[in-house]
Amino acid sequence: MPLSLEVWRVPGEPVPVAEALRATYEPFEAGAYWGPAWGTTWLRAKGTVPAHWAGRRVEAVFDLDFDLTQGPGGQAEGFVHTAAGEPLQGLHPYHRTVRLAEPATGGEEIDLLVELAANPKIAGSAAIGMRYSSLRTAGDEPLYRLLVADLAVREEDVWHLLQDMSVLDELMRQLPESAPRRWEILRALDKVVDVVDPWDVAATAARGREVLADVLARPAHASAHTVHAVGHAHIDSAWLWPLRETVRKCARTFTNVTALAEEYPELVFACSSAQQYAWMKERRPDVYARIRKAVDEGSFVPVGGMWVEADGNLPGGEALARQLVYGRRFFAEEFGVDQDGVWLPDSFGYSAAYPQLAKLAGARWFLTQKLSWNAVNRLPHHTFDWEGIDGTRILTHFPPVDTYNCELTGRELAHAEANFAEKGVAGRSLAPFGFGDGGGGPTREMMERARRLRDLEGSPRVEVTKPSDFFATADREYPDRPVWRGELYLENHRGTYTSQARTKRGNRRAEALLREAELWAATAAVRGGHAYPYEELEALWRRVLLHQFHDILPGTSIAWVHEQAEEMYREAHAALEGIIGAAAGELGAPGEGFAVLNAAPQERTEVVVVPGGVAGGQELADGSRAVLAHAPALGAGTLDGGGDGPQPVTAGEENGDLVLDNGLVRVRIDRAEGLVRSVRDLGADRETLAPDEPGNLLQLHHDDPTLWSAWNLDASYRNTVRDLTAAESVELVEPGPLLARVRVTRAFGASRLVQDLELTAGARRLVVRTDIDWQERDAVLKAAWPLDVHAGHESAEVQFGHVQRPTHENTSWDAARFEVWQHRWVHVGEHGFGAALLTDSTYGHDVRRHTRADGGTTTTLRLSLLRAPHSPDPEADRGRHAFAYALEAGTGIGGAAAGGYALNLPLRVVPGGAGAPLVTVSHPDVLVEAVKLADDRSGDVVVRLYESRGGAVRASLGAGFAVGSAAVTDLLEEPVSELEVVEGRVALALRPFQILTVRLRRS
């Protein structure tokens, strides 16, 4: 029977339930339209349960104009509340009924308040619905019709017969034609059709169930594979919807799960992302109270221990550590739960730094699903030990069901069993089940399947369990596991290293500023009693960590998400600059003049550009000045260079080319085309660039992948290329002696670009500062550097170290890595000579080799600067960009690392005098990544450092304060082992790429 309806159309953004309860409603009826895109409509639905429904299960049934082809999460959704505003259940296409009474007494008054979310249908792989990518362009016409809003009774025998038949039919279709079991099931199903009267199904359905009872009672074979089914609802923290909609998706889904657990007490629902719990605590405490109760009862299981399910490649080392720290700490404080694993089913590859970081955070296992998307090579294992760059191994599972949105269908379970790579040595796998991506979670139908499949002949056994129980059992069952070493590279979604460059640039700068803010605030607190901004730093970290989610930082969300991300980064950068400024004011010796703050872990003598009011140095064309500065690692230095300075840089013209020379490198730039024709290492007397192949050659490729525009960079993009050699102007704008600068202006298509090529005194680094108005579509812009280096592999920085990748295509695995990623630097070299490319914000690159006619080898590194995908943001990357990259000539890994820090952490000039560092390290290969005060507010100083070159070292850590005691801790700053303090220094021994967190207690 239909419910009577009234609506209130919310003007603007969603409102709390309390406001909806106070609103004025107007009449509405089924069949009427509601919307508009991204709009909210509140629906009042009232009715009375008929007396003759007494003893029956009564439900409310809704159809919001659901599209069964679209899947939940990418279309209309609803959230049902009681008349008092208490949450009952979320609505999506496969979860549209709300249990109201079981059994009903008859005569109950039904009064429901339903929040309708008009989330538009947005396809992720094509330009469909892209006008809805931004609130600015979405329009105000209604999108949906309310098709059904009814009270109904559920015919129990009919409903359960449908579940019986569905499970058996799916199983039968997966069995071979030669299997007697297939025909036994088929005959039983055929008999059901005979005994169930099509004119009176409800009255005869029980007879059908009796027919199937025997075939449903047959137990599974002793050798049957066991599937550990874990309830799941992958909720992307943003994707085809903005962050604010994710908050509502979480509330709907988590309410669904807690309601389902009341009906199915065996349900175990694994939910990651501390951020999503924090949203509920802050914005939906009524839902959060239900979650807390379900956690206590064991049906709701926090997993993963990260703030969000972050991208697996792009977050910096310290950021990845903080993802684990903030996530695990939240779960421990809120639920008393210690996390034992990392749950990352959907991210676009996984850094080889993960095993060590996970173990340091207390994890014993790691789960991912995404590698089933590999386009070429199949990962040879499903249960294995994953070994990181430092040698740490962690038990890892890659579910053979090949989805994190499993529905426990016969096809899925048969695939999991057949696909499982460890047959014969192990017999169990994990399957996350429930609707996901946009949430939804497990359904009643899935739970009924699980019950029937617990022990059914012909099918894998299905056990609903906690993830930790699966991993503990798998560990015992399969102790001699194979090992996979190095990164888990996803042979797909390679465009995510480059898409939405402004989001990536905002993240990289935020990571650098967070490092500075903690370092200088800790230094000021220890030195002068400056108040350390614990709350502000934690809040800023959480905002940055949220935006490292695997559809935000990779650049694969709608325009609305990235517009908000850019605004967040502007706010975060300003707040961090404020923290740094306040701390800097209390650093160094007071007095006139300026201090130079160096947040990098290496001592530096560099040219810095300062305002025109500073005396000395070189006056620049814009009125600022270039001045030589010297600063110790992690400390404050001076502007005078600390004594004799480096050889000046000169600029002149030679044979029609512009030549920059600082005694270390000599750079020749083509006066006609602005291309770099030579970078000569004067000390080695060797050319860095390959003969007759220009450096900094910008190359434009057509880039319209077959699927997933923002995600993918197909190999076919290399088939067409346009070299951007034409220059509008090439001019020398700064002649030295401290800074020489050549400005190159180009125009192509609808875009315009200005690049300043800079060489400073004392540097081996040619910096390319780029300002571009990028207006291309379906294109990728690369910067090519052909190097005269015979390199069989590249070395690319990852979190807390680097990985080596081949520069050849010997195998299908090598060939599939035609686009890879780095953080601040990538290096290629041969014995005694090498070069590196440094970046301040770009991540993607490719590397290829070829043999020249002269017999030499050219190794070409190409940075991916910009893309222009058409969906899900139709205007992605268009507009203004400013970024820098650099060629570091004649350098090894150590020089590449130092250059990467220098480019990303420019020296900071502040009023005041020099001051000694808060901490020092004795060995150049041991680099400090973070200096901060302990999170427990004890005043202890926490230092995170790592071995950066891949070799075991002994070093000592010193402090600019009296150290009472020292300890190695885990990532959460809990002591692991005590360290001896001798004459104020702490002796350290590190294995290759080892990360150490050292806690220094002040005496």
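Helix axes are lines fitted to C-alpha atoms over the stretch in contact, and the angle between them is taken between N-to-C directions, from 0 to 180 degrees. In this predicted model, the axes of helix α2 (residues 156-174) and helix α4 (residues 201-217) come within 8 Å and cross at roughly 35°. The crossing of α2 with α4 is left-handed. On the α2 side the contact is made by D157, V158, H160, L161, D164, M165 and L168, while α4 contributes V201, A202, A205, A206, G208, R209, L212, V215 and L216. Sorted by class, this contact of α2 with α4 has 11 nonpolar residues, together with 2 polar and 3 charged ones.

Turning to a sheet, strands β8, β5 and β11 form an open, antiparallel arrangement of 3 strands in the order β8-β5-β11. The edges are held by β8 (97-101) and β11 (148-154), each of which pairs on one side only, and neighbouring strands of this sheet are turned against each other by 25° on average, direction ignored.

Helix α17 is mostly covered, with 9 of its 12 residues buried, namely I893, A896, A897, G899, G900, Y901, A902, L903 and N904.

Key
Residues are numbered from 1 along each chain as its sequence is written. This is a predicted model: local features need pLDDT of at least 70, side-chain atom pairs count only at pLDDT 80 or more; totals for chains, interfaces and linings use all residues. Side-chain values use heavy atoms; hydrogens and water are left out. Two strands pair if DSSP finds at least two bridges between them. Helices (H or I, at least four residues) and strands (E, at least two) are DSSP runs, numbered from the N terminus. Buried means under 20% relative accessible area, exposed over 50%, partly exposed in between (1.4 Å probe, protein chains only). A crossing is left-handed if the near helix is turned anticlockwise from the far one by less than a right angle, and right-handed if clockwise. Contact means heavy atoms within 4.5 Å. Ala, Val, Leu, Ile, Met, Phe, Trp, Tyr, Cys and Pro count as nonpolar, Asp, Glu, Lys and Arg as charged, and the others, Gly among them, as polar.
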